[in-house]
Amino acid sequence: MTMQSAVAEPTSTTREPVLSLKKVSKGFGAVRALTDIDLDIYPGEVVAIVGDNGAGKSTLVKILAGVHPQDSGTISFDGQVVSIPTPTASRALGIATVFQDLALCDNLDVVSNLFLGREIVRGISMDEEEMEQRSWTLLRQLSAKIPSVRIAVASLSGGQRQTVAIARSLIGEPSVVILDEPTAALGVAQTAEVLNLVERLRERGLGVLLISHNMADVQAVADRVVVLRLGRNNGDFHVADVSYEEIISAITGATDNVVTRRASAHAVQAAADNAAAAPVEAPIAEAEAVAAPSAGSVTEALPNNATGIDADSEENR
Amino acid sequence: MTTTPTETPAERAADLQDERLVRTEGVRGAVLAFRQRVRGGDLGSLPVVIGLIVICVIFQILNPNFLSANNLVNLTLQCAAVGTISIGIVLVLLLGQIDLSVGSVSGLAAAILGVGMTQLHWPIIVAVIVALVVGAAIGYLYGLLFTRFGVPSFVITLAGLLAFLGLQLKVLGPAGSINLPYDSWIVQFATSAFLPPWAAYALAFIAAAALFFGDIRRSSRRRKAGLSTGALSVTLIKAIALLVVLFAAVAYLATDRGLGASFLLFVLLVVIMNFFLTRTRWGRSVFAVGGSVEAARRAGIRVNRVYITVFILCSSFAALGGLLASARLTSASLSSGGGDTNLNAIASAVIGGTSLFGGRGSAYSALLGILVIQSISSGLTLLNLDSSIRYMITGAVLLLAVIIDSLSRRSRASHGQA
């Protein structure tokens, strides 16, 4: 329940993590999608997972959601080692996953969608009144702006649909919520609404795992940023004491030293905006605004560090 | 018009607190809400009710016998068989699937009844049960084929149409046509069993009372849950309107033979299916699967089970419809379930307002749709027009219904409700 601000540096060393991954690996045929991933999520904490395409974010989500089981390594939930063979097992543990495509039934109303598969029954018929009342209670707690719960989900806006999807994940009283790209398709105002919602989940004491390409969102709500690169842990930062460039360099694979950090910062500028002349603060802010695409292009510009630095030094001359 | 008693903004019902909600109450509110819904493309059963009225007016002008009690009683008896088949079609359409073999399955059921009764000398009830079980087994087979192999239901049931037509011929044997004994109870039930007027009135009263007290009970539960409730006046008007309409219908039919038992069975089945579709978890999962299979699956609904139960129900209703049809015609023959049975059953579900695209519709569309189709058929017969014209007109009406379905879908999309 405590509002855990990003300033609180050591994230609850006293408390037990609600979800803890130790040396989790997963391969698909010859491809090692994840190698020895360690990850802890504490109650009341928002952990962002960032990484380039192919870094293993989706695989990690799928392991936790029970879509694919891991090949090796252990997952502990509330201190107990568990296995998550199916989506149902994941839900039963108390892990709620909101996938990117939301998976709502457009032809059903908000109440039906919220309780889909978990309808409250009285005798053989559904208890519509109870479900509607609980829907309102839940949506009010999330300060959701939905005018009526008896309208079809099809008529809601993108942000409202996202709200319904997140609210639905809370029906089963989970202790961890996984949000896969919750703001990817949303406008500015709706993004802000969803970020508020994420903060409210944290206030409820839930562990939130946020997958995002958008660095602005990550820095706005996350307490901790875990960087994946090519299926391995490549950094675990407190948002409060990490800079945007440091995260980017971890994502793109520049190891964390002064020289490569400089190189990667230059490369970001070059990729984001070739015309930007002054290598100081302003272009970085611009790069931040277009974080996702620039992060993508940076990898291609930096297949290895040597060429990156070469290109850079040529430009500098 | 009427306002709810306690009314400070703070203690408004939980579902009316959003200030963006345009709020109207009482009878006027109900009418306004209805108009808004129709304009938004949520036509419900409005087009088919209007269509039915237009059809009745036209045929009554062309032939004054059309609305005679005698003709209407015949009409209700004709509705029962294909209407029952059509309930099953509504179910598969709600899933976005189709069953093209209902005609053959109904023919097979008729053949089983005929052969069982006359050649094997089974008790009628055994023949009926065997026919229904065969129907259910066929549906189970379709469900397995669909869920295991992912073959489109269109193709599975097209294969079934041929295969079960063949089986029907095989069961009937070389004779090809079997007459059912006229004094057997099943034939009596379908041809000449009518409710005594007092029973029909009592049923009409029970239906209206059930509507009224159901609404009252829902209102009180909603009030207890802190939700808004409909105005009592609306509830009362709805119940009285239903009572008046039913009483008038019963009284008019009673001037001839009255309310047919087979038609009553059909209507009861519609009401029961409507309850299951709208009030139970199973019904909710049918709509969910029809709306988005993937969403339903991720919500933990056992999608395959839903498909299999619906296919079983559809084929069972087809078998039951076949039994009613053969009992009414007192024969099981090569042509049982042939001809236009299939198409009429599918057409009445669609004409009644069940969407071909899945996820939208109601059990009542089977009732409304079959009334339209049989009215056209009966009217054209009265005008001594032969079946060539009847087929063409029924085809045109079906086309019109599908066009209305597509248009209302587009209208929903443009009103942000698709």
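Predicted model: local features only at pLDDT ≥ 70, side-chain atom pairs only at ≥ 80, totals over all residues.

Residues are numbered from 1 along each chain as its sequence is written, and chains are lettered from A and ligands numbered from 1 in the order in which they are written.

**The sheet of chain A**
- Four strands of chain A form an open sheet in the order 2-1-4-5, with antiparallel pairing.
- Strands (E, at least two residues) and helices (H or I, at least four) are DSSP runs numbered from the N terminus, and two strands pair if DSSP finds at least two bridges between them.
- Strand 2 (31-41) and strand 5 (80-82) of chain A are at the edges with a single partner strand each, so one side of each has no neighbour in the sheet.
- On average, neighbouring strands of this sheet are turned by 30° against each other, direction ignored; axes are lines fitted to C-alpha atoms, for helices over the stretch in contact, and angles run from 0 to 180 degrees between N-to-C directions.
- Strand 4 (residues 72-77) and strand 5 of chain A run antiparallel and are joined by three bridges.
- Ser76(A) has Val81(A), in strand 5 of chain A, as its bridge partner.

**The helix on the sheet**
- Helix 1 (residues 57-65) of chain A packs on the sheet and touches strand 1 (19-28) and strand 2 of chain A; residues are in contact if their C-beta atoms, placed from the backbone, lie within 7 Å.

**Where the chains meet**
- Chain B brings 31 residues to the contact and chain A brings 26 residues.
- Helix 11 of chain B gives the most to the side of chain B that touches chain A, with six residues.

Note on methods. Contact = placed C-beta atoms within 7 Å.
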